[in-house]
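Let's take a walk through this structure, stopping at a few spots on the way. Have the viewer open and follow along.

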Amino acid sequence: MTTNSTGFPIPYVNLSAQWSQERDQLLPIIEEVLLSGQYVGGKYVEEFESAAAAYCGVKHVVALNSGTDALVCGLVAMGVGRGDEVITPPNSFIASTGAIVHIGAVPVFVDVCADQNIDPLLIERTITKKTKAIMPVHLTGRMASMEAISEIASGHGISVIEDAAQAIGSEFASKKSGSWGLVGCFSTHPLKNLNAIGDGGFLTTNDDDIAQRIRLMRSHGLADRDKAESFGFVSRMDSLQAAILGFRLKQLPEVTAKRRANANLYRALLSSETVFIPPDLEKELNTYHTFVIQVDRRDELKSHLAQLGISTSIHYPIPIHLQPAAKSLGHEIGDFPVTEEQASRILTLPVNQFTTDAQIDAISSAINAFLK
Amino acid sequence: MAQQFSDCEDLWDKLKAFVATGDFTLGKPLQEFEEAFAKLVGARYAIGVNSGTDAIKLSLKAVGVGHGNEVITTANTFVATVGAIAELGAIPVFVDCDDTFCMNVDLVEAAVTAETKAFLPVHFTGYMTDMRKLLPLSEKYGIPIIEDACQSILGAIDGKKAGTWGEAGAFSLHPLKNVNVWSDGGVIVTKSDELNDKFRLLRNHGLADRDTVELLGYNSRLDTFQAVVGNWLLPSALEISEKRIENAAFYDRELRKINGIVIPPRPSDFRIVYHLYIVFAERRDELLDFLVNRGIEAKIHYPTPIYRQPALAHLGHRQGAFPVADRQAKSIISFPCDQHLSVAEMGFVVDSVREFYA
């Protein structure tokens with residue numbers, strides 16, 4: 001096998017390295033939670049909620065079982081229901097659209113810009129009497145154009161729910177993701193920048209009433225042990241995961257800084273003639289959940305890199321509107337041309353905090369040489 | 001809870017080894033857990049999901065329950081059973097229970113309509129609904145049965161275990177259940193190849209592979225970390241249920257002698273696993289206060305039947321619609337029954353009850 005210039009395989013994610021780094025600090029925390037006998041809810045969850053609220057600059061954080069559940073609970077609490085329309089991009093992970101469909105609402109797709117985020121100029125023409133919400137997705141860790149989106153939404157009296165699953169800590173005009181919309185939805189899945197060791201997620205809001213309703217909703221709608229105010233779900237964050245997240249939230253600024261440094265190194269090394277990387281605006285702080293380039297001959301390049309032991313990924317090769325599950329929505333190829341073109345050109349490179357400068361150098365040289 | 005895991009150095013070592021692998025989502029220990037769980041309850045397939053509630057919801061969804069359909073269930077269950085029905089936009093249709101706290105199957109046929117899409121018997125408190133009577137109805141009307149077995153793991157009738165009678169069986173692994181993990185968790189079991197495939201899609205966003213979405217699913221996976229805990233605990237599951245059955249036999253024998261307490265029927269062809277140990281008590285509220293003041297964790301499961309909860313006001317059920325559930329809500333009391341109790345502790349409960357009625 002040929003190899004890359006580091007002489008070793010380069011993984012796309014490296015959770016084992018994270019564990020080795022944190023082991024001595026995390027083990028006592030895990031042990032403490034397990035010995036406490038408090039496995040669902042309780043003080044670890046409350047502590048994480050306050051710390052995350054302070055970090056995101058919002059009044060309330062409600063911890064849940066997943067980012068998907070945050071979207072579902074958020075939509076329900078905002079009053080979106082059967083037959084209502086929600087505007088969202090078609091290039092996200094399937095969960096964004098899944099949440100809309102599950103509550104009986106209708107996803108209305110709007111194509112994206114070169115930076116892979118929803119195109120604000122195309123939103124207004126899709127607004128109808130049935131539109132109840134706009135759900136921008138901060139894909140890859142880059143904030144959608146929240147100033148424009150907020151303006152459109154308030155002009156039409158509709159609410160914004162941010163899908164910030166990939167964008168913890170990201171900022172636009174010095175305001176953090178999750179603090180722009182009526183609610184913000186985050187995932188703490190093991191592959192996220194702020195990650196647990198199992199499924200997890202949370203929701204941000206400044207609205208007291210919505211926070212209160214979601215606190216009921218996440219635990220069967222139970223106001224107390226014996227009284228069900230309304231029907232809810234079971235979507236609680238495990239105490240164990242909350243304790244781990246509480247620890248990792250403190251490390252997050254460092255993780256973000258390293259990911260940003262990695263991205264900057266790629267920008268410096270990759271040839272701008274063959275590789276398109278959406279530029280960061282001066283106003284935005286991108287946290288690089290993923291580092292996505294756009295190239296010709298993407299599939300060939302991906303196989304070539306794999307042969308060199310370099311793991312890459314594609315987020316996502318099949319747009320949502322062309323998935324078998326979306327057949328009932330009646331879309332066809334050509335409906336969202338920018339999304340479709342990107343689906344054949346995007347490639348995600350390793351950018352996690354354990355990726356070394358030497359690895360980024362090896363990856364960049366391999367790409368430049370192949371596309372030359 | 002802390003007691004259960006007081007001697008778990010070996011589990012601790014397993015967890016440390018697991019965490020280093022980073023295999024956190026749908027990982028190998030989860031597959032092992034699913035195989036072991038299926039074997040334990042006598043099912044072909046087991047699928048780990050995020051909670052018992054989700055196990056019910058995904059099962060109903062998989063057999064085609066949707067908006068406006070009716071699901072027949074019991075009037076005295078925990079709110080989650082009905083919440084799962086409501087979440088799919090379906091309508092819960094209640095039938096009253098009998099003195100085993102389960103659906104009175106003789107009342108089911110009268111509740112069947114053209115809209116009925118599933119029977120959802122709840123094997124409540126460790127008892128089982130009489131599946132021998134419900135199966136013929138399911139065949140007669142072509143209505144699938146989903147068993148809510150969240151409280152009855154290893155319960156059985158004529159040796160056939162809870163969860164294996166219907167199309168699918170739903171289990172909970174919540175920390176307070178007989179077989180539990182360190183978080184929310186649940187399992188679905190089924191003998192159907194088709195449903196097995198469907199459940200695996202439904203719990204993971206409908207993803208057939210990383211990039212293809214077959215159907216719109218949910219995010220409802222049992223954490224692999226928790227599967228490691230489950231794998232550690234499963235070998236003692238049978239023993240745990242036997243200890244609870246033993247504890248219940250002790251209570252039955254002693255409490256039977258006390259005027260004021262009535263023991264529910266204990267049919268000999270049922271294996272009752274006593275997730276809860278419940279008896280009927282005269283002057284129940286006073287007895288509860290008396291015991292609680294003595295530091296005994298007596299409880300009521302549940303003081304308000306589900307059909308009278310505020311969340312169900314729109315169904316328009318009036319108090320009295322389900323007289324057995326209503327009567328029980330006023331007289332039931334639960335005593336601690338878990339596998340860690342000593343005879344001395346149970347003796348203290350019995351003595352206190354005796355003293356109250358003296």
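Which residues form a negative surface patch here? Keep in mind that the model is a predicted one. The patch is made up of A:Glu31 together with B:Asp7, B:Glu9, B:Asp10 and B:Asp13. The biggest giver is helix H1 of chain B, residues 9-21, which supplies three residues to the negative patch. B:Asp7, on the other hand, sits in the segment before H1 of chain B. Its relative accessibility is 63%, and B:Asp7 counts as exposed because that is over the 50% cut-off.

Now hop over to chain A and look for A:Thr126. You'll find A:Thr126 in the loop that runs between strand S3 (106-109) and strand S4 (131-134) of chain A. Is A:Thr126 buried or exposed? Its relative accessible area comes to 18%, so A:Thr126 falls under the 20% limit and is buried. And what does A:Thr126 touch, if you skip its neighbours within four places in sequence? The contacts are A:Glu85, A:Ile87, A:Val108, A:Val110 and A:Thr131.

Last stop: back in chain B, pick out B:Asp197 in helix H6, which covers residues 193-202. With a relative accessibility of 48%, B:Asp197 counts as partly exposed, because that value lies between the 20% and 50% cut-offs. How far apart are B:Asp197 and B:Asp54, in sequence and in space? Along the sequence they are 143 residues apart, while C-alpha to C-alpha the separation is 16 Å.

Technical notes: Residues numbered from 1 in each chain as written. Chains lettered and ligands numbered in written order. Predicted model: local features only at pLDDT ≥ 70, side-chain atom pairs only at ≥ 80, totals over all residues. Heavy atoms only, no water. Patch = residues over 30% accessible without salt bridge, like charges linked within 9 Å, V, L, I, M, F, W, Y side chains within 5 Å. Areas by Shrake-Rupley, 256 points an atom, 1.4 Å probe, with all protein chains shown as cover. Salt bridge = Lys/Arg side-chain N within 4 Å of Asp/Glu carboxyl O. Lys, Arg positive; Asp, Glu negative; His and termini not counted. Charge placed at Lys NZ, Arg CZ, Asp CG, Glu CD. Helix = DSSP H or I, 4+ residues; strand = E, 2+ residues; numbered from the N terminus. Buried < 20%, exposed > 50% of the residue type's maximum accessible area, 1.4 Å probe, protein only. Contact = heavy atoms within 4.5 Å.
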